[in-house]
Each structure stands twice: as structure tokens, then as C-alpha cells.
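Subject: Handing over the two-chain model

Hello,

Here is the structure I promised to pass on to you. Have a look at it first, and my notes on what turned up follow below.

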Amino acid sequence: MRGGGAGFGPVPPLPDPASPALARLGARAAAAAFYLPPAFMALFFLAPSLMTVVWSFWERTMFWMEPAFTLFSYENFFLSARFGNFLSSIGHSSIAVVICFVIGFPIAVFVRRRIPEIAQHRVMLLFILPFMVSEIVRTFMLRPVLGRNGLVNSTLMELGVISEPITSILFTPTGVVIGEVLSFLPFMVFCGFLAMEAAPRHVFEVCADIGAPRWRVFKDVILPLAAPGVFAGAVFILVNGLGVALIPNTLGGPGAVNAGLIATQAIIALDFPLAMAVSAIMTLTLIGLLALGHRLFDLASILEPFK
Amino acid sequence: MSEDYVSPWETRLGWLALSAVVLAIMSPVLYSIYISFNEHGFGAARYDFTTAWYAAVFEDAQLLSALGWTVALALATVVVTIPFALLCAKLFKRLRRKLWLVFLILMPLFAPADIFASSLLVFFKTLNGTFEGIADATGLPVGHFFQLGFVTATIGLIVYTLPYAFVVILITMGRYNAEQTEAARACGATAWQAFLQVEFPQIRPGVLAATAFTVILVFNEYVRSNALKGGFDTFTTVLISQMLNIGMSEQSYAMGGMMSLTAISVVAAILAWTFARRAQLTRRAAAPAGN
């Protein structure tokens, strides 16, 4: 490609030296354009996310809220059944994180180590595919899969494995965990895959040469090298498990409530300060976790290959 | 452990596990597509193939209008997100301190939909109040700037899609050799010419993939558009309100099936195009010199 063929036409004339000021202004405007997207994100992502902390102290009015400093929303969250629900959703999300790691990370390692380099990205597309199908469809359609006379139960009964349908996999906490694992598993695979870039082939050759046992290679070589990716994947799954309302809403049954659902229900009830308190707690948790991860493993290193 | 010592059975087992996981993740999608073509719907003992449920979707005026709004949102989002993603990727390459940029652009990936949608909703309501105040005080026609509607929904969707487009374009740019730009500049090209004529043709597949990705994400998105859209409906908001309020009907399966089949065919088309292009490049590279 590089050496190939016709490139440019005639060499363009050098900039007119008569208008250096204009040229400088143009160059400055072009340089500023690069900062437009970060400015956009600061205004429409960072500012709203951080403002949640301020709004959470405001006072609720009939349809909106007014500036004040009250801890009422936090009391409303921590001293009610909401906090208990929140804690149990942390439990469910954590279980989902562990399951995603146990299933997803070995897949990432397998793709990196056993599949020829040229085919690795194509295999990853298999995991991008479900990601491209709407989460709504994937979550809602788990109902006919997991339901009483759904795909799982009817298949198992036809095979004679069970005689009665299993009812504990839908509209229960188990249903929520299944939904979270199926929704977020690809993320653990991606993050693990990106992170395994940090573990070059020759490292494993050295391990083989000194006869290191398999679990030592995993524990002492693979895991530390891939830690940033695994951590990023885990934070994603944990925080989304807490924040995506759709999963407990459709698969969880009566008691299943997470932070996302508390916030959306508060907004429907026009209790904006409560919704903002929940958002603030989630935003600060996310920032805290990412800062911790960065301190521990330098999360930016995940993007190292693209530098 | 080099390749020579790997047992083929271990590799086969790995492939088996991988396929099983992909199949499990896709099971709701595939099963709902299967149901959507059954005349008798979900749970029926008989299976008679029909496309009637899909036809019903296209006869529904409300759905067609929702589809129109979704297409408009997707276009508006792409027009901003893709240039933004290109600018971000270029900025990422040239910055010495990249960390702040990475955090700012990629953080929305981690922010859960409902939480972020709630904060942005309150943010826009506040902005709207401020702008209405300015309009009242000064008489300037700015009062409607941040009223919930098409613009606010688009902003929410840009914030949502930019990280994905950024990563996809960054990956493609990673394969581009910056010395080519230097060479072009040395030959007298302006920075813009060097980008447009040398770099862009090489990263075009990534830009196309990012565009397709963005369109699909907007089509599939529900929470942010639902919170920020104001008066109109999108395809997913209609689908969700149907499923939550009326329950799953055969038409819901057909709508879900449409969304899944569209996404799957777009991914398949991109894949096929990439393979065809690669084959063509390989053929060209293998052709004897002088041809």
C-alpha cells in the first residue's frame, strides 16, 4: 500500500505569506476543534453527573425542587427499605461479576493463546454480535426462555431431566443474576481480551521452558498482567448490575430493586432530590472504584496497544 | 507452553465452551425470532410458519411514526458522533497526557443507563428553566433551547455512543503508520489534505464500522431516549410500553425479531465486506509486479 501509485497531484502552493495572522487564527481554530468533543462531554456528561451531588441536598417541592441544604433524601434512602434492597442488589451484582469472570476470562485467555492472531478479532465479533442486539430484546426475551413453560423448562422436561418445571429461575434473584450474566458477560471477555495484549507469547514460552505448573502460570503471570482489564470489566458489571433498571424490573419479581430502579421510580413520583441522591451515590461509587483501580493497576494501560 | 505442546482436544474443548457461551447469550434472541414466525405465538403446541406478525408491525401507524423518529435520531447522532470520535482519536494520539481524555470519553461506558438518564433529565430541566428565565428577561428567542425533545434526546445519545465510536476508530487508527502523514506533509500537503487523502482512506473501514455501530446503538437504545425525548415515541419506547403494559403479544415478538434481525444482518454485512476487501487486497498484493 505504502509505496504504491499516484499520491498527490501538483504540490500545492505554500501559504500566502501576506496573511500570516489569518493563517495563525485558522490554525488556532483548527487546534481548538480537537477540544470540542471533550468540552461537549464535560458539559453534558461530567457536569450533570457531578451536579447530582448538589441536587441531592435540595428540597423537594410539589413538582420540582428548590435550592436548600437538607439530608432528607439521604435519610429517605438509607433509613428505609430502599437501602436493604440496594444492599441485596450489590450482592446479586457481585455474584454476577464472579460468574462472568469464571466464564468470560478463560475465554479471553483461550482466544488470545490458542487462536491464530489473524482470527482473534473475528472470534471477538461473536461476542460483539449479542452486544449489537438490543438489550431490551435480550432481557425481555429471557422471559419466554426461563419461564414456566419456556425453552429451558420444556427442553429439560422433554429430555427427562426434570419432571416439573423449575420456577426459581424467573422472577427471583436468580433470574436477576442470570439476566446480568447474559447481558454483561461480553464485557468481561472484551476487557480480558484487551488486557491479554499485555501478556506476550514469549512470556508463556519462558514459563513452559522452566516447567511452571499451569495454575502458577495463571496465578502469577496471566492474572497480574491482565488485572487492569479484569478490574475494568468487573467495575462495569458491578455498576451496571446496580444501575440498569430493566433487568430487575423484567426478571426480578416483587422484591428485586436496584439503584437504577429506585432512581427511575423516584422520578416517576416526582421526587427529584431522592433520584439525585441515588445517582450521586452511584456516580461517586463509580468514580471511587475507577480511581481505586487506577491507583492499583493504571487503567489507562488497557488502551496501551493503541498508543 | 508453546503451540507444539497443546493437545488438539484442549483446543476443541475451548471452541466448544466458547460456542456454548455465545449460544447461551444469544438464546433469548434466537428463540424470540423463532417464536415470531409462528402463527400460534409463544407456548403453542403447533408451529406454522407465518410472516403475518411482521406485516402487522408495518401496518401500525404509531409504529411507523416511531420508526421515523428513530431513524431521524440515528442520523442526527451519527452526524455529530462520528466527527467527534475522529477528533477524539486524533487528540488521543497527539496528547502527551492522555489520562483525562480517556476518563472523560470512556466514563459514560461505565455509567448505568438509568442513573445517567436521570441526571441528564434533571440537568436539562434546570437548563430549560434558566433559558426560559433568560428569554423572559431579555426577549431573546432562546426559551425553547433545552426543552425536552429531539435535541435533548440527541445529546443524550451522542454522550452514549461517542465512547464506542471512539474505541472502534482508535483501534483502526492504531494500524495506521503516522510516518505516511509526515511524508505527505513533507511533499507539501496541508494537514487537512494529508488526513483526507492519505489517512482517511486507510481508516475508512473503522469509520464505517463506527457509523454502523452508532446507528445500531441508537436503534436499540431505550432508557436515555425515553427519559429525554419529550413528546415523540421511538421504536423501543413503543415496544417497551407494549410489553410492560399490555404484555407480550405476537407483535412484540415480531418487533423484537425485526430489531435482532436488522442488527445481525448489519454485522454480517460488515463482516462480509471486510472479508471481501481483505481478499481483494491480498490478491492485489500477490499479483506479479507490473500488472
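**What I found**

Let me start with chain B, whose accessible surface is about 13,700 Å², with 65% of it belonging to carbon and sulfur atoms. Areas like this come from the Shrake-Rupley method with a 1.4 Å probe, and for residues only the protein chains shown count as cover.

Before going on, some housekeeping. This is a predicted model, in which local features need pLDDT of at least 70 and side-chain atom pairs count only at pLDDT 80 or more, while totals for chains, interfaces and linings use all residues. Residues are numbered from 1 along each chain as its sequence is written, chains are lettered from A and ligands numbered from 1 in the order in which they are written, and side-chain values use heavy atoms, with hydrogens and water left out.

**Chain B as a whole**

Chain B has eleven helices and zero strands; helices (H or I, at least four residues) and strands (E, at least two) are DSSP runs, numbered from the N terminus. The radius of gyration of chain B is 24 Å, well over the 19 Å that the globule rule gives for 291 residues, so chain B is more spread out than a compact globule. That radius is taken over C-alpha atoms, and the rule is 2.2 Å times the number of residues to the power 0.38. The C-alpha trace of chain B spans about 70 × 65 × 40 Å along its principal axes.

Of the 291 residues in chain B, 48% are buried. Here buried means under 20% relative accessible area, exposed over 50%, and partly exposed in between (1.4 Å probe, protein chains only). Among contacts (heavy atoms within 4.5 Å) in chain B between residues at least 6 apart in sequence, 69% join residues at least 24 apart.

As for charge, chain B carries 18 positive and 16 negative side chains, and the centres of the two sets lie 15 Å apart. Lys and Arg count as positive and Asp and Glu as negative, while His and the chain ends are not counted; each charge is placed at NZ of Lys, CZ of Arg, CG of Asp or CD of Glu.

Ser119(B) sits in helix H5 (residues 113-138) of chain B and counts as buried, at 1% relative accessibility. Leaving aside neighbours within four places in sequence, Ser119(B) is in contact with Pro48(A), Thr52(A), Trp55(A), Met276(A) and Ser279(A).

His40(B) lies in the loop between helix H1 (8-36) and helix H2 (52-59) of chain B, and its 32% relative accessibility makes it partly exposed. Not counting residues up to four places away in sequence, His40(B) touches Arg46(B), Asp48(B) and Glu250(B). His40(B) and Leu75(B) are 35 residues apart in sequence and 37 Å apart in space, C-alpha to C-alpha.

**Chain A as a whole**

Chain A has 14 helices and two strands. Its radius of gyration is 25 Å, well over the 19 Å that the globule rule gives for 307 residues, so chain A is more spread out than a compact globule. The C-alpha trace of chain A spans about 80 × 65 × 40 Å along its principal axes. Of the 307 residues of chain A, 48% count as buried. In chain A, 18 side chains are positive and 16 negative, and the centres of the two sets lie 7 Å apart.

On confidence, the mean pLDDT (the predictor's confidence in each residue, from 0 to 100) of chain A is 87, and 92% of its residues reach 70 or more. Please note residues 1-7 of chain A, where pLDDT stays under 50 and the model has three contacts beyond four places in sequence.

Cys100(A) is in helix H4 (residues 81-114) of chain A and counts as buried, at 0% relative accessibility. Beyond four places in sequence, Cys100(A) touches residues including Val181(A), Phe184(A) and Ile237(A).

Phe171(A) has a positive phi of about 60° although it is not a glycine; Phe171(A) lies in the loop between helix H8 (151-158) and helix H9 (173-195) of chain A. Leu270(A) also has a positive phi of about 60° without being a glycine, and is found in the loop between helix H13 (259-268) and helix H14 (272-297) of chain A.

Happy browsing!
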